[in-house]
Amino acid sequence: MLRKWFKDEEGQGMVEYGLIIGLIAVVVIVALVALGPKVKSMFDKVNTELDKAGAGAAASGGGTAT
């Protein structure tokens, strides 16, 4: 009876999938924490350039063709 219980592998696959999903989640979280400041800096730089382009277009007549 005890041997049968140890050989029973029912449900083992789901546990393995759960562990894999957990590991992937940890890797994604670590990557986001590590890359977060770089991504924020990149978006800040893009925002600054867009603001400059918008201010330049407004000073030169609106920037739209009519």
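The model is predicted, so local features need pLDDT of at least 70 and side-chain atom pairs count only at pLDDT 80 or more, while totals for chains, interfaces and linings use all residues. Residues are numbered from 1 along each chain as its sequence is written, and side-chain values use heavy atoms, with hydrogens and water left out.

The protein chain contains two helices and zero strands. Both kinds of element are DSSP runs numbered from the N terminus: helices are H or I with at least four residues, and strands are E with at least two. Of the 66 residues in the protein chain, 0% are buried. The chain has an accessible surface of about 6400 Å², and carbon and sulfur atoms account for 70% of that surface. Such areas come from the Shrake-Rupley method with a 1.4 Å probe, and for residues only the protein chains shown count as cover.

Two salt bridges are present in the structure. A salt bridge here is a side-chain nitrogen of Lys or Arg within 4 Å of a carboxyl oxygen of Asp or Glu.

| Salt bridge | N to O distance |
|---|---|
| Lys40 and Asp44 | 3.0 Å |
| Lys52 and Glu49 | 3.7 Å |

Lys40 and Asp44 sit four residues apart in helix α2, about one turn of the helix. Lys40 counts as exposed because its relative accessibility is 52%. Lys52 and Glu49 are three residues apart in helix α2, which means that about one helical turn separates them. Lys52 has a relative accessible area of 53% and so is exposed, whereas Glu49, at 46%, is partly exposed.

The surface also carries a nonpolar patch formed by Met14, Tyr17, Ile20, Ile24, Val28 and Leu32, which together have about 670 Å² of accessible area. Patches consist of residues with over 30% relative accessible area and no salt bridge; like charges are joined within 9 Å, and nonpolar side chains (Val, Leu, Ile, Met, Phe, Trp, Tyr) within 5 Å. Ile24, one of the patch residues, is placed in helix α2, residues 12–59.

Conventions: Buried means under 20% relative accessible area, exposed over 50%, partly exposed in between (1.4 Å probe, protein chains only).
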